[in-house]
Amino acid sequence: MAQVYLPERTEEQNRPQRGPIPSTTRDTTRAQNTPPANPVPRQPGLADVAVIVALVGVVALIIAGAGRATAHSVDTVISLKPTILPLYAGYSLLRMTLAYILSLVFTLVYGHIAATNQRARTIMVSLLDILQSIPILSFLPGVVLALIAIFPHSSLGVELAAVILIFTSQAWNMTFSFYHSEVTLPLDLQEAATVYRLSPWRRFFRLEVPFAMIGLVWNSMMSWAGGWFFLMAAEQLTLGTRSFRLPGLGSYLQTAANAGNVAALILGLGTLVVLIILLDVLFWRPLVAWSDKFKFEQTKSSDAPESPILDLLRRSALLENFTMHVVQPLQERCNLLMDRLMPAPSETVTADGDAALPRRLTAGVIAGWAVTGLLVLVALVGVFNALKLLVQVPLPMWGQIILDGLLTFLRTVVTLAIGLAWTLPLGVKIGTNPKWARRLQPVVQVVASIPATALFPILLIGLLRLPAGIEFAAILLMLLGTQWYMLFNIIAGAMAIPTDLREAARIYHVSGWRRWKTLILPSVFPYLVTGLITASGGAWNASVVSEYVQFNNKTVMTHGLGALIAQSAANNDLHVLLASTLFMATIVVTINRLVWRRLYNLAERRFRLD
Amino acid sequence: MANVTKNRANKRVTPTNEVLLEAEHIIKYYGSEQKKGEQRVLVLDDISLQIHSGEFIAILGPSGSGKSTLLRILGGLIRASSGMVRYRGQEVTGPNTNLALVFQTFALFPWLTVLQNVELGLEAQPNLSRTQRTKRALAAIDTIGLDGFEDAYPKELSGGMRQRVGFARALVVEPKLLFMDEPFSALDVLTAENLRHELMRLWREGRIPTKAILMVTHSIEEAVSMADRLVVMGHDPGRIRAILQGLPLADRVAKTPAHEELVDLVYTLITQPDEDAAQIVAAAQQQGAAEVKSEPKAEPKPYQALPHVKIGVINGLAERVLRAGGREDLFVIGRELQMEIDDLLPIIEAFELLGFGEATGGDLVLTDEGRRLAESDEQADKVLFRDQECQHIQLIRQIKEALDAAENHEMDETEILEQLEEYFSPDEASRQLDTAVDWARYAELFAYDDEAGLLYLEDAAPVGNGE
């Protein structure tokens, strides 16, 4: 759901600032990279125990998951016992992990091909642009029904559907980021790789992936948060009269809300928050700290991110021995094998369009054409079927779709306005005060990654009693899903205002509204636009879950394109689903092109502070 | 090896006239194949060059002369549009396997340690085990004076140390050919001197197995103090203007008269791009020492190209030359301002274009206007600039006339750009306009609104000339 445009610069700025922990990074990086020729033996310690425990936990989780996949019926009864929560949390986590791995593999393969294959590039990039604009929940009915048909007697189909759904919410921005890194690879490093004859395989892992690493990690974090949002929706879904439930935190929260069990709701939510914090501390922060060495910079930055967990891992003797005696030899083998399979090209590849030699008909070229042909064929069949469905949509329905589109558009505008109204002053306040920024940023980050869909059942209990409660609820949910992007970016922007400019403003007594107009708004503007782009895309996507709600076995809905999509999906009304989905994708793409991209360009041109 | 690399005052008598690398009639266009004719930019025009075993060759030239492109074509990294490169008689069609390259930007992988960076070159050699690889890398690190830094990351090192890693990575593969693309130009003066010295020591003592070194540089002094032969290139299009014999070893080190003379000659060659190279060399009485391309008088250019120089430096240069009595050695100016020829040449060109001075015989001589410029105050300067620009700068004159003629004294930049694009690439066209705008703004000839892309006459502009 997160949309990313030209992520490189903003990623850097978005990266959370960390508190001043006494610096030990230098030593630990040293320790990890002891040359194999002269290793320093280490004693096993507490760190190794932690590593082993973590390893056992992961293995247990996978086994439990695999056993469950075949054992359960499709509509699972969700227990509200508190003791079952860790298990449910494990299931949810497993789904997230599988989806993330899928996204990562997709990212590397797709991004690489799009960047290196000149002819495929245009198609692949625009396809990605469209895919990320399609409301994800529209995929759901089709995917679920198809997979249930494939695995009729187990919950595997629904499980896979959930994983694929999460994948579709995670993959696109990661792929964009990777693609962008690939096409901005510094020429001198590419030449070095060519001169020193790195095979394509080594080139990929020595040059391309490391160069993309920072963007990849940052986008992974965003994708992961987006994944939670849709996992909550995917674990419990109703298609017409059939309902599918998967044991997990999302379905637990839903069931608790339906039963009006406030204690269970709070407990479930607490578990989710704890899980998110744990992941942040144990996984994402170490990853961010580790990836700092991939930063493409010529001087060592002073405020490198740090993580005690990473330090622990780097000091672990067990892990070091494992790396040295198992991972590295394996890597070496693998590299040698891949070198033989894909040797470095011996012919000069000229990228400047100076085709000196006639194109030869190699196996690669033929395969390329075959794949292209196949894709075209698939696309044609798809378009034909889509047209067949679309002509069945009656004319008044189109009117309805356009009207609903307008309503949802208004709702997104209101959402963005409300979001802006409170995040702008607060974000600037936090960002211009380094002490607050350091303290609050991690907090904001964790709060932001709590999926709004998990909070929704709780909110609904209160809101639906009000008149026009669903209107409030819809906007509130969209707001919950999107405001954080704005807040993040505004804080980052305010932090980046150069001190000299702030001092100049103070010396020349620029204060009040003039201060905002001449100093703050122009400096924050590029960040603000980035935040708004993401928020706007997110709001459209969130409309699908927020305008149409199933609660207490009742369906509550308001008018809007999101509601139309959700309703037609629930009723298996495929042509309306297709028509409304396409319409929403069109609106999102149009708004991006007409509004956001222009604003972004303006921001790049006029308000860059460098 | 050591014997080979010593005492090579004259290549014809050394035993190593074995041709290692040979380029024949290299022509290189940039721009797409579809857009034939005018749209293709000719970067290299008919380059032929032989590199012998045991030779250190420096390629010199102003920016835009295609030095780096030539280096990459010789190394097989870029394919020439036509012509052929041979290594030991074999045609080169891909990256030369006997080649190592040292980059101006170092091109180190920031996520790899020094050791890993050096090992990188060896990774592609499948018959080396991991321990052998490490051993050789450590040996190279030792040779180049990096011991102790094996586990540091490049970002922890100074520029000089980083380039040492670049050299270690190049030398560890034991290349027959060592190519260097402005290897010292990103370093400070002292560090560069130190590194140059060490490289020359390794090379002359035969401590590295390299058979030939090719260096692209824009530092004339560097080239003269290192190379056995100097290839001087010219621009628009890139071509070889002269190949000069380097100095005997004894003359290269110190600032001997021979050294100064050769530096001066190269300065003269490069700062007088339109003169016949043969005449210049003959005038410097270096007959027989150089193979010089006697070239036809350069054709008049279809459209005057402006060097991209900010106007402020022109004033400063005029004052500097006046202080020296109205005539100053270009090479002295370059050394004093710590400017290499790449930075200095555009300024000289602009100076000449505006009619403030002339480069002759390696000196810069002020004209009357140049003297007036150096002596007058800011307001008078502007009037002077206005006169000179209207008189000598084709693009500015053209815009000014069009603006005067236009009803509202405004015009769209796209008109001008379209015209310029008949002679320049789109990028270069907009850079030409930017430079013209910068010069005209200083002279208060016309104004420019970047947002709207409009050129216009300012109401308040003092009534000048051209009316």
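Buried means under 20% relative accessible area, exposed over 50%, and partly exposed in between, with a 1.4 Å probe and protein chains only. This is a predicted model, in which local features need pLDDT of at least 70, side-chain atom pairs count only at pLDDT 80 or more, and totals for chains, interfaces and linings use all residues. Residues are numbered from 1 along each chain as its sequence is written, chains are lettered from A and ligands numbered from 1 in the order in which they are written, and side-chain values use heavy atoms, without hydrogens or water.

Select Cys334(A). Its relative accessibility is 33%, so it counts as partly exposed. Go to Cys390(B). This residue is buried, at 14%.

Select residues 452–463 and 469–495 of chain A: helices H17 and H18. Their axes, lines fitted to C-alpha atoms over the stretch in contact, lie 10 Å apart at about 155°. Angles run from 0 to 180 degrees between N-to-C directions. H17(A) is therefore roughly antiparallel to H18(A), the term for angles over 145 degrees.

Finally, show side chains at the contact (heavy atoms within 4.5 Å). H17(A) contributes residues including Leu455(A), Phe456(A) and Leu459(A). From H18(A) come, among them, Phe472(A), Leu476(A) and Gly481(A).

Definitions and conventions
Helix = DSSP H or I, 4+ residues; strand = E, 2+ residues; numbered from the N terminus. Parallel < 35°, antiparallel > 145°, perpendicular 65-115°, else oblique.
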